[in-house]
Amino acid sequence: MKVIEKTAEISACSRELHLRGEAIGLVPTMGFLHDGHLSLIRESKRITGKTAVSIFVNPAQFGPKEDYHRYPRDIEGDAKKCRETEVDLLFLPSVEDIYPEGHRTYVDVEGLNDKLCGRSRPKHFRGVATIVTKLFNIIMPDKAFFGQKDYQQAMIIKRLATDLNFGVDIIVMPTIREADGLAMSSRNSYLNSNERVAARILYRSLMLAEDMIRSGEVTSGEVRAKMEGLIAGEGSSKIEYISISDPGNLEDIETIAGDVLVAIAVWIGKTRLIDNIIIKGDKR
Ligand code: AMP
């Protein structure tokens, strides 16, 4: 595994691989790797010739009061996991290399960036879209891998790859969960043991929504109210949003008919967690 810190160096390396006819898969991450990340790496290994993983805690996607400085970091542990999964290129750029003095250009995917998580994190998706655009330009991958765990993010990236003619295949992989249903996330490391138990409420509320919708409930207000009741019963939790929307455009749905995205953001103590499921219309 080559470990590369400089953008110019990984671009040169990628060009050379392309000249040799290799296809490159990119897995962008913020590190503190868990099985969710590893599932993306494994899929990239399965369907592309060479796999690049980037680890970069992107300051542009954190708000001023968010957890940029305390975001968990473990470069050595991550490098070990990457070596074990036979990653070819590990890219660890510095903030100065990605955002040098004078950087002023940002990418905004309008109409998708202001819904769900965008309501409380107004510049978050601008930061995400900008770093992904830069990584695509730096590494020039053929395919890039993202998790459904961050459904809105994956949608925004699909949109920008199309709109900016990147010609990069965007592949979205299912959410990997702990045994009790909690979606794996680097931020789960913030939870103390009581909060870890409380955090099960996210997946349980999604399962409640799925049961109701599969049993024929079509009024999203009813589903939301039941979810709210369940989550409110969990002392240390606070709902940021429960969204029942069209998975194609994230517009709210009042009466459920076809496919539906149920997405939530819930605070457990001081930790903000998100999760979602898609319930297919044709399987009801
Ligand atoms: P992050 O390091 O949290 O920015 O995540 C990097 C990539 O891994 C993103 O595409 C995430 O959607 C994906 N990811 C994070 N958690 C999971 C999970 N539990 N299952 C599948 N993919 C995930």
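Contact here means heavy atoms within 4.5 Å. The model is predicted: local features need pLDDT of at least 70, side-chain atom pairs count only at pLDDT 80 or more, and totals for chains, interfaces and linings use all residues. Residues are numbered from 1 along each chain as its sequence is written, and side-chain values use heavy atoms, without hydrogens or water.

**Exercise 1. Describe how domain 1 and domain 2 meet.**

Step 1. Count the partners. In domain 1, 21 residues are in contact with 19 residues of domain 2.

Step 2. Give the area. The size of an interface is often stated as the accessible area lost when the parts come together. Here the domains bury about 1800 Å² between them, with 53% of it on carbon and sulfur atoms. Buried area is the accessible area (1.4 Å probe) that two parts lose on being put together, summed over both.

**Exercise 2. Characterise the shell around the ligand.**

Step 1. List the nearest residues. Of 17 residues around the ligand, Met30, His37, Asp150, Ile176 and Met184 come nearest; near means a heavy atom within 4 Å.

Step 2. Sort by type. The shell holds eight nonpolar, seven polar and two charged residues. Ala, Val, Leu, Ile, Met, Phe, Trp, Tyr, Cys and Pro count as nonpolar, Asp, Glu, Lys and Arg as charged, and the others, Gly among them, as polar.

Step 3. Assign elements. Strand E2 (24-29), helix H2 (35-47) and strand E5 (143-147) each supply at least two shell residues. H2 gives the most, with three. Helices (H or I, at least four residues) and strands (E, at least two) are DSSP runs, numbered from the N terminus.

**Exercise 3. Find where Lys226 sits and what it touches.**

Step 1. Lys226 is in helix H10 (residues 220-232).

Step 2. Beyond neighbours within four places in sequence, Lys226 is in contact with Leu208 and Met212.
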